[in-house]
Amino acid sequence: MFQNESETVALTVPRAKRAAATGRTRTSQYRIVNAIVFAVLSLGGIIMIAPLVWTFSTSLKTKEAVFALPPQWIPDPVQWENYIRVWSAGPLASGIVNSLIVSVSVTVVGTISSAIAAFAFAKMRLPFKNVVFLSLLAAIMIPFPTIMIPQFKMFADAGLVDTLWPLILPGLFGNIVMIFFLRQYLDSVPDSIIEAAKLDGAGYLRIFFTLIFPAIRPAVAAQFILWFMAVWNDYLAPIIYLNTPERQTLQLVIASFNATYASQTDYPLIMAASFIALVPVLVVFVVFQKQIIESVALTGAKG
Amino acid sequence: MSTTLRRSRLHRREHLVAAAFIAIPVLGFLIFTAYPLLFSFYASFTKWNGLSDPVFNGLDNYTEMFADPYFWKAMGNTVFMMIGIPIGLVLSLLLALALNRKMRGTTFFRTVYYVPVISSLAAVAILWQWAYNGDFGLINQVLAMFGIDGPNWLQNAETAKPAIVIMAVWKGIGFSMLLYLAALQSVPRHLYEAAAIDGANAVQQFRHITIPMLSPVTFFLVVTSIIGGAQIFIEINIMTPTGGPEFSTASIVWYIWQKAFNYLQMGYATAMSVVLGLLVFVITAIQFQINRRFQFSID
């Protein structure tokens with residue numbers, strides 16, 4: 001905002017006058033404000049990161065050092081063993097495997113379902129398709145807690161409670177937010193290339209996989225990552241369906257670590273488990289930061 | 001004649017394929033959303049323990065709900081914890097304004113402030129529970145540096161809710177910051193230029209240009225935050241597994257979950273879940289109305 005103002009001054013006030021009266025003071029003023037803003041942002045940044053750093057630091061402490069006063073930010077001695085101990089302290093490994101099974105199967109199959117449906121909604125002729133689309137869109141309004149009890153009954157009747165299926169099956173049919181997003185994106189793909197492919201005798205599935213999918217890949221990638229992180233971090237559905245520790249997803253496993261080891265005051269172990277749960281999404285975020293940020297910004301602007 | 005016939009046959013083929021493509025999410029919607037939703041409505045009028053068949057009992061669940069002090073307490077707690085929404089909005093707007101300046105480090109800060117957003121809520125709740133520990137938690141140790149003797153945050157009926165609000169603001173601030181930043185960057189510059197010619201100062205430009213231009217994002221954030229806030233559960237379940245001291249942090253979803261899966265009062269729980277669904281529906285409907293009116297005034 002201030003930056004706009006100073007540029008505005010530069011554009012509208014005659015050059016000589018600007019240099020004499022405002023130019024220099026404006027720049028130095030801008031610099032001073034920048035320095036203050038930078039300091040405040042740094043302080044805020046420390047607050048944002050401190051709990052995560054504290055987690056990592058605690059995960060490397062001995063049980064006793066946790067209670068040291070004043071607190072140690074750099075553990076002494078460093079207990080890397082905690083990260084070895086944690087694997088045998090609970091079903092962490094199976095938690096990771098279960099979370100991977102759910103997240104990968106849901107997002108891979110669900111993304112294809114969503115993209116194909118988005119293609120049909122955006123580019124194919126079908127009577128009443130917009131009515132169907134709007135009805136689907138309205139379903140976003142229905143909160144999961146409102147339907148979770150009947151859903152639980154359905155899966156219980158099917159004998160699927162305490163398996164990963166209740167977490168996987170609904171996602172395979174696609175994700176309405178993703179369909180909405182990809183449909184918007186497909187507006188920028190010209191109809192003519194589809195017509196040309198049709199004249200060449202290509203079927204719709206072939207058109208989808210050779211023309212449409214490559215064209216919308218950036219949008220798919222961004223939505224895919226966001227969805228993956230959402231499924232990976234999900235907690236309410238897993239806590240309803242999964243009881244056996246070895247069948248639980250990672251989020252549940254670390255929650256039960258928290259419940260079990262807090263009574264033994266083994267905080268380093270809890271923090272090590274939590275940190276392990278954080279690492280995969282942090283890595284995904286660092287790698288795909290650009291896509292994630294653009295996609296989020298775009299979603300909000302559309303909303 | 002023959003060409004129209006051929007075209008209609010081609011169209012019919014296209015219709016069939018399109019219908020098949022669309023059928024996938026439609027089927028998913030019917031099985032996993034529409035049917036459960038109808039069943040929820042039905043079950044909310046029954047006495048049902050989830051094991052035997054539901055028995056119709058009319059409005060009993062609803063009358064019980066309105067007389068249930070825990071229901072109202074949980075509703076009140078849920079609404080109370082939403083005070084984090086305006087706090088978070090103001091803070092994230094200030095953040096976005098700061099990061100919209102031309103200076104070094106903005107990309108780095110954007111990442112730093114966004115990290116809590118992508119972190120798993122379960123892990124974050126665990127580490128904040130630990131940070132709130134009365135004797136050796138991070139928060140009280142920081143407070144001790146300023147000579148303040150901090151409370152035992154989560155064990156105390158007065159401080160438990162604010163503790164959860166603080167954590168929620170910390171967790172969500174990066175998301176709204178990002179949306180505000182995107183919106184700020186799309187405000188046409190000539191508006192500020194015109195205002196400056198008219199002699200508007202920075203504060204006036206902010207009030208009369210920036211705020212109105214950001215209002216669609218603000219609306220989006222307010223409504224999605226309220227919908228999300230109405231469903232707060234994970235933090236509660238992990239940080240205060242028993243609903244907090246004197247039931248002070250029990251949220252409505254936590255209470256529904258408790259009634260359904262711990263006490264097997266499925267009929268009662270679905271009645272509460274239907275009320276929750278209706279509330280979310282009303283909030284969203286209001287948003288659509290306001291949003292429509294709003295877009296007119298912008299155009």
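Guide: Let's start with rings. Rings of Phe, Tyr and Trp pair if their centres lie within 6.5 Å. Keep in mind that this is a predicted model. Over all chains, the structure holds 35 aromatic pairs.

Visitor: Take Phe56(A) and Phe275(A): why is the pair called tilted?

Guide: Planes under 30 degrees apart count as stacked, over 60 as edge-to-face and the rest as tilted. Here the planes sit at 40°, so the pair is tilted, with ring centres 4.8 Å apart.

Visitor: Which domains does chain A have?

Guide: The assignment gives domain 1 (2-59) and domain 2 (86-302). Their contact draws 5 residues from domain 1 of chain A and 6 residues from domain 2 of chain A.

Visitor: And how do I read the size of an interface?

Guide: It's often given as the accessible area lost when the parts come together. In this model, domain 1 and domain 2 of chain A bury about 510 Å² between them, with 87% of it on carbon and sulfur atoms. On the domain 1 side, Thr55(A), Thr58(A) and Ser59(A) lose the most area to domain 2, together 66% of what that side buries.

Visitor: How many salt bridges are there between the two domains?

Guide: The count is 0. By class, the domain 1 side that touches domain 2 has 2 nonpolar, 3 polar and no charged residues.

Notes:
Residues numbered from 1 in each chain as written. Chains lettered and ligands numbered in written order. Predicted model: local features only at pLDDT ≥ 70, side-chain atom pairs only at ≥ 80, totals over all residues. Heavy atoms only, no water. Domains from an automatic or database assignment. Contact = heavy atoms within 4.5 Å. Buried area = accessible area lost by both parts, 1.4 Å probe. Salt bridge = Lys/Arg side-chain N within 4 Å of Asp/Glu carboxyl O. Nonpolar A, V, L, I, M, F, W, Y, C, P; charged D, E, K, R; others polar. Phe/Tyr/Trp six-rings, centres within 6.5 Å; stacked < 30°, edge-to-face > 60°.
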